Amino acid sequence: SVETGLVRLSVGGVGFAVPMDAVATVMAASQVVRDEAGGIVRVGHVPSRFGAIPVADSSRLFRLSGAEQPQSPAAGQRLIVLHGSPPVGLLVDDVTTSTSSAPEDTFPLPELCGPPERLLVNAVVWNEQEAFDLVLDLPALRKVVLGDESGQGANPESDAPMLPILDAGECGQSLDVLVGAASTRIAIPLASIRHIDDVRPVSPLPLAHPAILGLLSWRRHPIPVIDPCQLMGLAPAPPSRLVVLDVPGSSTPAPDDVVCALAVCDIAGIT
(Lines give C-alpha, C1' and ligand atoms only; values in the text may rest on other atoms or scores of the structure.)
Protein backbone atom coordinates (compact mmCIF):
# COMPACT_ATOMS: atom_id res chain seq x y z
CA SER A 1 0.00 0.00 0.00
CA VAL A 2 1.15 3.54 -0.79
CA GLU A 3 1.29 5.96 2.12
CA THR A 4 -0.04 9.50 1.74
CA GLY A 5 1.82 12.53 3.06
CA LEU A 6 -0.32 14.70 5.36
CA VAL A 7 0.12 17.98 7.17
CA ARG A 8 -1.71 18.01 10.50
CA LEU A 9 -3.38 21.17 11.79
CA SER A 10 -4.83 22.10 15.18
CA VAL A 11 -7.71 24.58 15.54
CA GLY A 12 -9.46 25.14 18.85
CA GLY A 13 -8.37 21.72 20.09
CA VAL A 14 -9.74 19.97 16.98
CA GLY A 15 -7.33 18.09 14.70
CA PHE A 16 -7.48 18.57 10.93
CA ALA A 17 -5.34 17.29 8.05
CA VAL A 18 -4.58 18.29 4.47
CA PRO A 19 -2.57 16.44 1.81
CA MET A 20 1.07 17.49 1.84
CA ASP A 21 1.04 18.30 -1.88
CA ALA A 22 -1.80 20.79 -1.31
CA VAL A 23 0.38 23.00 0.93
CA ALA A 24 2.29 25.83 -0.73
CA THR A 25 3.94 27.22 2.39
CA VAL A 26 3.58 27.77 6.14
CA MET A 27 4.49 31.11 7.72
CA ALA A 28 3.94 33.25 10.79
CA ALA A 29 0.47 34.72 11.25
CA SER A 30 2.08 38.16 11.54
CA GLN A 31 2.38 38.15 7.72
CA VAL A 32 -1.41 38.62 7.41
CA VAL A 33 -2.64 42.10 6.46
CA ARG A 34 -5.97 42.72 8.20
CA ASP A 35 -9.03 43.52 6.03
CA GLU A 36 -11.81 45.31 7.90
CA ALA A 37 -14.55 44.12 5.53
CA GLY A 38 -13.42 40.58 4.96
CA GLY A 39 -16.70 38.75 5.60
CA ILE A 40 -17.75 36.18 8.17
CA VAL A 41 -14.62 34.06 8.05
CA ARG A 42 -12.12 36.05 6.04
CA VAL A 43 -9.75 38.16 8.15
CA GLY A 44 -7.33 39.55 5.62
CA HIS A 45 -4.77 38.70 2.99
CA VAL A 46 -1.10 38.01 2.59
CA PRO A 47 0.77 39.81 -0.21
CA SER A 48 2.55 37.70 -2.80
CA ARG A 49 4.11 38.20 -6.22
CA PHE A 50 0.97 36.65 -7.70
CA GLY A 51 -1.32 39.10 -5.89
CA ALA A 52 -3.15 39.17 -2.58
CA ILE A 53 -3.89 35.71 -1.11
CA PRO A 54 -7.18 35.71 0.88
CA VAL A 55 -6.87 34.40 4.44
CA ALA A 56 -9.60 32.89 6.64
CA ASP A 57 -9.59 32.36 10.40
CA SER A 58 -10.17 28.62 10.86
CA SER A 59 -11.81 29.13 14.27
CA ARG A 60 -14.48 31.30 12.68
CA LEU A 61 -14.63 29.08 9.61
CA PHE A 62 -15.62 26.10 11.78
CA ARG A 63 -17.54 28.21 14.32
CA LEU A 64 -15.54 26.95 17.23
CA SER A 65 -15.98 28.35 20.74
CA GLY A 66 -14.79 31.90 21.28
CA ALA A 67 -14.54 32.69 17.57
CA GLU A 68 -17.76 34.67 17.09
CA GLN A 69 -16.12 38.08 16.84
CA PRO A 70 -13.43 39.18 14.36
CA GLN A 71 -9.98 39.09 15.92
CA SER A 72 -6.48 39.92 14.84
CA PRO A 73 -4.12 36.95 14.43
CA ALA A 74 -3.09 35.74 17.88
CA ALA A 75 0.50 35.32 18.93
CA GLY A 76 1.71 31.84 18.07
CA GLN A 77 -0.83 31.22 15.32
CA ARG A 78 0.41 29.93 11.99
CA LEU A 79 -0.66 30.70 8.44
CA ILE A 80 -0.88 27.79 6.03
CA VAL A 81 -1.23 28.65 2.33
CA LEU A 82 -2.91 26.08 0.07
CA HIS A 83 -2.24 25.70 -3.66
CA GLY A 84 -5.02 26.59 -6.08
CA SER A 85 -6.35 29.15 -8.51
CA PRO A 86 -6.21 31.34 -6.57
CA PRO A 87 -4.32 30.05 -3.52
CA VAL A 88 -5.98 30.59 -0.13
CA GLY A 89 -4.65 30.85 3.41
CA LEU A 90 -5.85 29.51 6.75
CA LEU A 91 -4.98 30.83 10.20
CA VAL A 92 -4.56 27.83 12.52
CA ASP A 93 -3.36 27.34 16.08
CA ASP A 94 -0.57 24.95 15.16
CA VAL A 95 0.90 23.05 12.23
CA THR A 96 2.35 19.64 13.03
CA THR A 97 5.31 18.26 11.16
CA SER A 98 4.16 16.39 8.08
CA THR A 99 3.40 12.70 8.60
CA SER A 100 2.55 9.68 6.46
CA SER A 101 -0.75 7.84 6.54
CA ALA A 102 -1.50 4.37 5.22
CA PRO A 103 -4.68 3.90 3.15
CA GLU A 104 -6.18 1.70 5.86
CA ASP A 105 -5.96 4.63 8.31
CA THR A 106 -8.25 6.89 6.24
CA PHE A 107 -12.04 6.51 6.12
CA PRO A 108 -14.71 8.50 4.27
CA LEU A 109 -16.96 10.61 6.45
CA PRO A 110 -20.18 8.65 7.19
CA GLU A 111 -23.10 9.85 5.05
CA LEU A 112 -25.23 10.33 8.17
CA CYS A 113 -22.94 13.22 9.19
CA GLY A 114 -24.06 15.43 6.30
CA PRO A 115 -22.68 16.67 2.98
CA PRO A 116 -18.90 17.35 2.85
CA GLU A 117 -19.45 20.69 1.10
CA ARG A 118 -21.26 21.99 4.20
CA LEU A 119 -19.02 20.35 6.77
CA LEU A 120 -15.85 21.22 4.77
CA VAL A 121 -14.64 17.71 5.70
CA ASN A 122 -14.80 14.59 3.53
CA ALA A 123 -12.84 11.97 5.50
CA VAL A 124 -11.15 11.13 8.79
CA VAL A 125 -7.65 9.83 9.36
CA TRP A 126 -6.05 8.25 12.41
CA ASN A 127 -3.26 10.20 14.09
CA GLU A 128 -0.40 9.18 16.37
CA GLN A 129 -2.59 9.72 19.46
CA GLU A 130 -4.98 7.03 18.14
CA ALA A 131 -7.69 9.64 17.53
CA PHE A 132 -9.34 11.05 14.41
CA ASP A 133 -8.15 14.06 12.45
CA LEU A 134 -10.64 15.56 10.00
CA VAL A 135 -9.48 15.68 6.38
CA LEU A 136 -10.47 18.99 4.81
CA ASP A 137 -12.54 19.07 1.62
CA LEU A 138 -10.33 21.52 -0.27
CA PRO A 139 -12.72 22.55 -3.11
CA ALA A 140 -15.49 23.33 -0.60
CA LEU A 141 -13.05 25.08 1.71
CA ARG A 142 -11.72 27.28 -1.11
CA LYS A 143 -15.25 28.39 -2.08
CA VAL A 144 -15.97 29.57 1.47
CA VAL A 145 -12.65 31.39 1.87
CA LEU A 146 -13.27 33.17 -1.45
CA GLY A 147 -16.62 34.40 -0.21
CA ASP A 148 -19.23 31.79 -1.15
CA GLU A 149 -20.63 30.99 2.31
CA SER A 150 -24.13 30.05 1.11
CA GLY A 151 -23.83 26.33 1.85
CA GLN A 152 -21.92 26.55 5.10
CA GLY A 153 -23.05 26.41 8.70
CA ALA A 154 -25.86 24.94 10.73
CA ASN A 155 -27.98 22.72 8.55
CA PRO A 156 -31.77 23.14 8.33
CA GLU A 157 -34.19 20.72 9.91
CA SER A 158 -34.48 18.86 6.61
CA ASP A 159 -30.83 17.87 7.02
CA ALA A 160 -31.38 16.19 10.38
CA PRO A 161 -30.02 12.61 10.53
CA MET A 162 -32.69 10.14 9.46
CA LEU A 163 -33.04 7.09 11.69
CA PRO A 164 -35.81 4.82 10.38
CA ILE A 165 -34.41 2.05 12.58
CA LEU A 166 -36.04 3.77 15.58
CA ASP A 167 -39.40 2.53 14.30
CA ALA A 168 -39.80 -0.96 15.75
CA GLY A 169 -42.57 -1.81 13.27
CA GLU A 170 -42.98 -5.59 13.01
CA CYS A 171 -39.42 -6.44 14.00
CA GLY A 172 -40.44 -8.43 17.05
CA GLN A 173 -38.51 -7.78 20.26
CA SER A 174 -37.32 -4.26 21.00
CA LEU A 175 -35.02 -2.64 23.52
CA ASP A 176 -36.71 0.17 25.45
CA VAL A 177 -34.41 3.09 26.24
CA LEU A 178 -35.00 6.31 28.18
CA VAL A 179 -34.03 9.68 26.71
CA GLY A 180 -34.35 13.29 27.79
CA ALA A 181 -35.19 15.04 31.04
CA ALA A 182 -38.67 13.46 31.14
CA SER A 183 -37.29 9.92 30.62
CA THR A 184 -39.21 9.45 27.39
CA ARG A 185 -39.30 5.80 26.40
CA ILE A 186 -38.43 4.80 22.82
CA ALA A 187 -38.18 1.31 21.35
CA ILE A 188 -35.28 0.12 19.21
CA PRO A 189 -35.55 -3.21 17.33
CA LEU A 190 -33.15 -5.73 18.84
CA ALA A 191 -32.17 -6.78 15.31
CA SER A 192 -30.68 -3.32 14.76
CA ILE A 193 -28.51 -3.29 17.91
CA ARG A 194 -24.86 -4.30 17.65
CA HIS A 195 -23.53 -3.26 21.05
CA ILE A 196 -24.36 -1.39 24.27
CA ASP A 197 -21.70 0.48 26.22
CA ASP A 198 -21.19 3.28 28.71
CA VAL A 199 -21.00 6.76 27.24
CA ARG A 200 -17.45 7.92 26.40
CA PRO A 201 -15.76 10.96 24.89
CA VAL A 202 -16.23 11.60 21.17
CA SER A 203 -14.21 13.48 18.58
CA PRO A 204 -15.90 16.78 17.66
CA LEU A 205 -17.33 17.33 14.17
CA PRO A 206 -17.66 21.10 13.63
CA LEU A 207 -20.64 22.39 11.59
CA ALA A 208 -22.56 19.12 12.01
CA HIS A 209 -26.26 19.12 12.83
CA PRO A 210 -26.87 19.71 16.58
CA ALA A 211 -28.14 16.14 16.89
CA ILE A 212 -24.66 14.83 16.03
CA LEU A 213 -22.56 14.96 19.19
CA GLY A 214 -19.36 13.90 17.41
CA LEU A 215 -17.55 10.88 16.04
CA LEU A 216 -16.78 7.64 17.87
CA SER A 217 -14.35 4.92 16.84
CA TRP A 218 -16.11 1.60 16.26
CA ARG A 219 -13.43 -1.00 15.50
CA ARG A 220 -11.33 1.77 13.94
CA HIS A 221 -14.26 3.02 11.86
CA PRO A 222 -15.81 6.45 12.51
CA ILE A 223 -19.49 6.48 13.44
CA PRO A 224 -21.58 9.50 14.49
CA VAL A 225 -23.03 9.67 17.98
CA ILE A 226 -26.64 10.88 17.82
CA ASP A 227 -28.62 12.73 20.50
CA PRO A 228 -32.27 11.59 20.16
CA CYS A 229 -33.44 14.62 22.16
CA GLN A 230 -32.39 16.92 19.33
CA LEU A 231 -34.27 14.80 16.80
CA MET A 232 -37.43 14.49 18.89
CA GLY A 233 -37.59 18.00 20.37
CA LEU A 234 -37.15 16.76 23.95
CA ALA A 235 -35.62 18.58 26.89
CA PRO A 236 -32.06 17.21 27.12
CA ALA A 237 -30.53 15.18 29.93
CA PRO A 238 -26.94 13.90 30.29
CA PRO A 239 -26.65 10.48 28.58
CA SER A 240 -25.02 7.53 30.33
CA ARG A 241 -25.24 4.73 27.74
CA LEU A 242 -24.44 4.27 24.06
CA VAL A 243 -26.49 1.97 21.84
CA VAL A 244 -24.56 1.06 18.66
CA LEU A 245 -26.92 0.50 15.74
CA ASP A 246 -26.36 -1.80 12.78
CA VAL A 247 -27.62 -1.62 9.21
CA PRO A 248 -31.14 -3.09 9.29
CA GLY A 249 -31.22 -6.53 7.72
CA SER A 250 -27.44 -6.90 7.49
CA SER A 251 -26.80 -10.61 7.03
CA THR A 252 -23.01 -10.46 7.39
CA PRO A 253 -22.19 -7.79 9.99
CA ALA A 254 -18.96 -5.90 9.40
CA PRO A 255 -17.44 -2.81 11.06
CA ASP A 256 -18.68 -0.51 8.30
CA ASP A 257 -22.23 -1.89 8.57
CA VAL A 258 -22.68 0.14 11.76
CA VAL A 259 -24.81 3.27 11.22
CA CYS A 260 -24.31 5.25 14.42
CA ALA A 261 -24.50 5.17 18.19
CA LEU A 262 -27.45 6.61 20.10
CA ALA A 263 -26.68 8.47 23.33
CA VAL A 264 -29.42 7.53 25.83
CA CYS A 265 -30.00 8.09 29.52
CA ASP A 266 -30.68 4.49 30.50
CA ILE A 267 -31.90 1.07 29.41
CA ALA A 268 -35.48 0.32 30.50
CA GLY A 269 -35.80 -3.30 29.35
CA ILE A 270 -36.95 -5.52 26.49
CA THR A 271 -40.50 -5.65 25.08
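Strands β13 (residues 174–179) and β14 (residues 184–189) run antiparallel and are joined by six bridges. Strands here are DSSP E runs of at least two residues, helices are H or I runs of at least four, and both are numbered from the N terminus; two strands pair if DSSP finds at least two bridges between them. Within this pair, Leu175 stands opposite Ile188 of β14. The two strands form a hairpin with four residues between them, and Gly180 in the turn has a positive phi of about 80°.

The model is predicted, so local features need pLDDT of at least 70 and side-chain atom pairs count only at pLDDT 80 or more, while totals for chains, interfaces and linings use all residues. Residues are numbered from 1 along each chain as its sequence is written, and side-chain values use heavy atoms, with hydrogens and water left out.

A second hairpin is made by β1 and β2, with two residues between the strands; Gly12 in this hairpin takes a positive phi near 55°. Strand β1 is joined to β2 (residues 14–19) by six bridges, and the two run antiparallel. Val7 stands opposite Val18 in β2. Strand β1 (residues 4–11) also pairs with β9 (residues 94–101), again in the antiparallel sense and over six bridges. In that pairing, Arg8 has Thr96 of β9 as its bridge partner.

Strand β8 likewise has two partners to consider. Strand β6 (residues 53–57) pairs with β8 in the parallel sense over three bridges, whereas β7 and β8 run antiparallel and are joined by five bridges. How covered is β8? Five of its five residues are buried, where buried means under 20% relative accessible area, exposed means over 50% and partly exposed lies in between (1.4 Å probe, protein chains only). Val88, Leu90 and Val92 are buried on one side of β8, and Gly89 and Leu91 are buried on the other.

A cis peptide bond with omega of about 0° joins Ser85 and Pro86. Pro86 is placed in the loop between β7 (78–82) and β8 (88–92). As background, most residues other than glycine have a negative phi, and most peptide bonds are trans.

Two arginines also have a positive phi. Arg63 has a phi near 55°, a positive value in a residue other than glycine. Arg63 is placed in the loop between α1 (58–61) and β7. Arg63 counts as partly exposed because its relative accessibility is 46%. For Arg220, phi is near 70°, also a positive value in a residue other than glycine. Arg220 is found in the loop between β16 (212–218) and β17 (221–226). With a relative accessible area of 30%, Arg220 is therefore partly exposed.

Where does the side chain of Arg220 lie relative to Trp126? Arg220 lies over the face of Trp126, at 4.3 Å from the ring centre. A charge sits over a ring if NZ of Lys or CZ of Arg is within 6 Å of the ring centre and within 35 degrees of the ring normal.

Arg63 returns in the description of a pocket. The second largest pocket has a volume of about 190 Å³. Twelve residues line this pocket, and the closest to its centre are Arg63, Leu205, Pro206, Leu207 and Ala208. A pocket is an open set of points on a 1 Å grid over the protein atoms alone, where a 1.4 Å probe fits, with protein on both sides within 12 Å along at least five of seven lines; lining residues have an atom within 4 Å of a point. Grid points are joined across faces, edges and corners, and the volume is the space filled by probe spheres set on the points. By class, the lining has ten nonpolar, one polar and one charged residues. Ala, Val, Leu, Ile, Met, Phe, Trp, Tyr, Cys and Pro count as nonpolar, Asp, Glu, Lys and Arg as charged, and the others, Gly among them, as polar.

Two loop residues remain. Val199 lies in the loop between β15 (193–198) and β16, and its C-alpha atom is separated by 9.4 Å from that of Cys265, 66 residues apart along the chain. Gln31 is found in the loop between β3 (23–28) and β4 (33–34), and its C-alpha atom is separated by 8.1 Å from that of Leu79, 48 residues apart along the chain.
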